[in-house]
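Please read the points below with the model open beside them. They go from the overall layout to single residues.

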Amino acid sequence: GNRPGEEVFFPRGNNRHEFMKMVSSMLSTGVGELTEENDIGFLMGYKPFQRNQGFAYGAKRALEAVKVDLADIIDKKGGGAQLNKAIKYLEQAVAMSPWIVSNGEFGFKSDVSTLANLLSNAQGLISDLADTLRNA
């Protein structure tokens, strides 16, 4: 078995790169879906909103594991701040609540845009980090 502190999360450089690219691609797909759904009403847009919040939660948890297991490599490559910022964007995305009522109207459209922006920001950082980790 593996001992505490022993690197076990995608130890090969190309695997780390591929994993980060996969997370980046998943978030990019979510941004596209949310952008398309932005013109649909609340009931039709709620499912993609929830699905992409779930993607954000999964990506956040995976990146938290990467942060622990690959701390030495990420710090050596100068990607710690990037990774922390991406995790912060995902935390904000997960914490969003689409139920906002303003003057008797649902304010959902702005929530979809906000979620798409948070995922897009995280996706860009993760994509850059994937490139940084390619030859780590």
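1. Terms and basis. Contact here means heavy atoms within 4.5 Å. The model is predicted, so local features need pLDDT of at least 70, side-chain atom pairs count only at pLDDT 80 or more, and totals for chains, interfaces and linings use all residues. Residues are numbered from 1 along each chain as its sequence is written, and side-chain values use heavy atoms, with hydrogens and water left out.

2. Overall layout. The protein has five helices and two strands; helices (H or I, at least four residues) and strands (E, at least two) are DSSP runs, numbered from the N terminus. Along the sequence the order is α-α-α-α-β-β-α. Among contacts between residues at least 6 apart in sequence, 75% join residues at least 24 apart.

3. Surface and burial. Of the 136 residues, 40% count as buried. Buried means under 20% relative accessible area, exposed over 50%, and partly exposed in between (1.4 Å probe, protein chains only).

4. The core. Which residues have the most contacts inside the largest nonpolar core? They are Met 20, Leu 27, Leu 90, Leu 119 and Ile 126, in a core of 32 residues. The elements giving two or more residues to this core are helix 1 (13-37), helix 2 (42-69), helix 3 (71-76), helix 4 (80-95) and helix 5 (108-133). Helix 5 gives the most, with 11 residues. A nonpolar core is a set of buried Ala, Val, Leu, Ile, Met, Phe, Trp, Tyr and Cys residues joined through side-chain atoms within 4.5 Å.

5. Leu 119. Not counting residues up to four places away in sequence, Leu 119 touches Leu 27, Val 31, Leu 34, Asn 52, Ala 56, Leu 90 and Ala 93. Leu 27 and Leu 90 are, like Leu 119, among the residues with the most contacts inside the core.

6. Leu 115. This residue is in helix 5 and counts as buried because its relative accessibility is 0%. Beyond four places in sequence, Leu 115 touches Leu 34, Phe 49, Asn 52, Gln 53, Ala 93 and Met 96. Leu 34, Asn 52 and Ala 93 are also touched by Leu 119.

7. Leu 129. Also in helix 5, Leu 129 counts as buried because its relative accessibility is 1%. Its contacts, leaving aside neighbours within four places in sequence, are Met 20, Gly 79, Gln 82 and Leu 83.

8. Helix 4. The helix has 16 residues and reaches 23 Å from its first C-alpha to its last, close to the 22 Å expected at 1.5 Å a residue. The expected span is 1.5 Å times one less than the number of residues. Gly 80, Gln 82, Leu 83, Ala 86, Ile 87, Leu 90 and Ala 93 are buried in helix 4. Why are they on the same side of helix 4? They cover an arc of only 165° around the axis, where the arc is that of the directions from the helix axis to the C-beta atoms. On the other side of helix 4, Ala 81 and Ala 95 are exposed.

9. Tyr 89. Tyr 89 is in helix 4. Apart from neighbours within four places in sequence, Tyr 89 is in contact with Leu 118, Asn 121, Ala 122 and Leu 125. Tyr 89 and Ser 120 are 31 residues apart in sequence and 9.1 Å apart in space, C-alpha to C-alpha.

10. Ser 97. The loop between helix 4 and strand 1 (101-102) holds Ser 97. Is Ser 97 buried or partly exposed? Ser 97 is partly exposed, because its relative accessible area is 42%. From C-alpha to C-alpha, Ser 97 is 9.9 Å from Leu 115 and 9.7 Å from Phe 49.

11. Helix 1. Ser 24 is found in helix 1 and, at 4% relative accessibility, counts as buried. Ser 24 touches Gln 123, Ile 126 and Ser 127, not counting residues up to four places away in sequence. Glu 33 is also in helix 1; its side chain and that of Asn 52 are joined by a polar contact of 2.7 Å. A polar contact is a pair of N or O atoms within 3.5 Å; within protein, one must be able to donate a hydrogen and the other to accept it, and residues adjacent in sequence count only if both atoms are side-chain atoms.
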